[in-house]
Amino acid sequence: MSDIKIFENMPNDDDYNKWIEENSNGFVLNIHLRRDPSNIHESHPRIHFANCRQLENINNPGSSTTGDYFKVCSNSIEELEQWSWFKYQKGLNPCKICKKKGLPVEQLTGIQNFQITSALSLKSDIYKLEKRLASRANSNKRTEIETLIKARLGQGIFRKNVLEQYPSCPLTGLDIQPLLIASHIKPWSKCNNEERLDPFNGLMLAPHIDALFDSGLITFETDGTIKISPKIDPENQKRLGISPDIKLKIRPKSKKYFEYHRNHVFQKEE
Ligand SMILES: [Zn+2]
């Protein structure tokens, strides 16, 4: 069960101070209300030991949770990290002082744990869409949002249209349709709604190929030649059934999506 406590816009710090007192071995995220932590260049959310003095607002004592900052508290680093992924699609930054004092940063799995982050971003996207759905009464708008929900899940009209173009996984030849995943080439989070439903932004892939493509461990050149990240050594390429001579037929209308994937998703470095 979640034991996350969020202290935001509080009348005073009493509840927060009480939590710190009762959970002196816990952890706290400190986040500025007007900054956007989902920005990759932003150092928030920052994680501290509950007793870190950096958490106090030196200029304005007693305003830890009443002013510009809010606090997210838990006894579990994993839980805070999951919260951050869910909310901002981003991991945590350790406070430098707390790191020196032994903050267990090795527990911060970050983007390396592909399955967790991918499941969390799916959950978060669906959550946002369902929230939008709940606030709409107009039936056309509702249908549009429902179509988007299905597309995010790789179902519905998006899947049907992509399947028409790829009745099998173009890399492995796998044609057991229930196993094929309707993957977005340009990631969902970076797309506008039109791009999210565009069948030319889709590929049917075998599950392990979808994981490779989605996490940027493979991509494709303009002529369709596969590019494999140096993170996948030749031994593992064999195990995955991929090799540098694989070539994909790229349709002209898909070119811009593959270009985005190549430049922004692919993991070039070791
Ligand atoms: Zn700290």
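These notebook entries record what I looked up in the structure.

**Entry 1: the model**

I noted at the outset that this is a predicted model.

**Entry 2: the zinc site**

I began with the zinc ion and asked which atoms coordinate the zinc ion. I found His48 through ND1, and Cys52, Cys95 and Cys98 each through SG, at 2.2 to 2.4 Å. I then looked at the angles that the four donor atoms subtend around the zinc ion, and they run from 95 to 127°. The arrangement is therefore tetrahedral, since the rule asks that all angles lie between 85 and 135 degrees. Along the chain, I read the spacing of the donors as H-x3-C-x42-C-x2-C.

Cys95 has a relative accessible area of 3%, and Cys98 has one of 2%. I recorded Cys95 as buried and Cys98 as buried, because buried means under 20%.

**Entry 3: salt bridges**

How many salt bridges does the count come to? I recorded seven, and I looked into some of them.

I took up Lys18 and Glu22, which form a salt bridge with their closest N and O atoms 3.9 Å apart. Both belong to helix α1, residues 14-22. They are four residues apart, so about one helical turn separates them. I noted Lys18 as exposed, and Glu22 likewise.

I turned next to Asp125 and Arg152, whose side chains meet in a salt bridge at 2.7 Å, N to O. Asp125 lies in helix α4 (residues 114-134) and Arg152 in helix α5 (residues 139-152), so this pair ties together parts that are 27 residues apart in sequence. Are Asp125 and Arg152 buried or exposed? I found Asp125 to be buried, and Arg152 as well.

I then examined Glu195 and Lys186. Their side chains meet in a salt bridge at 3.2 Å, N to O, and both residues are buried.

**Entry 4: Pro167**

Where is Pro167 found? I located Pro167 in the loop between α6 (156-165) and β6 (181-184).

I listed the contacts of Pro167, leaving aside neighbours within four places in sequence, and they are Asp175, Gln177 and Leu180. Finally, I compared the position of Pro167 with that of Lys90. The two are 77 residues apart in sequence, and their C-alpha atoms are 34 Å apart in space.

How values were computed: Residues are numbered from 1 along each chain as its sequence is written. This is a predicted model: local features need pLDDT of at least 70, side-chain atom pairs count only at pLDDT 80 or more; totals for chains, interfaces and linings use all residues. Side-chain values use heavy atoms; hydrogens and water are left out. Helices (H or I, at least four residues) and strands (E, at least two) are DSSP runs, numbered from the N terminus. Contact means heavy atoms within 4.5 Å. A salt bridge is a side-chain nitrogen of Lys or Arg within 4 Å of a carboxyl oxygen of Asp or Glu. Buried means under 20% relative accessible area, exposed over 50%, partly exposed in between (1.4 Å probe, protein chains only). Donors are N, O and S atoms within 2.8 Å of the metal (3.2 Å for Na, K and Ca); water is not among the atoms, so sites may look incomplete. Four donors count as tetrahedral if all angles lie between 85 and 135 degrees; four count as square planar and six as octahedral if opposite donors are over 155 degrees apart and all others between 65 and 115; anything else is irregular.
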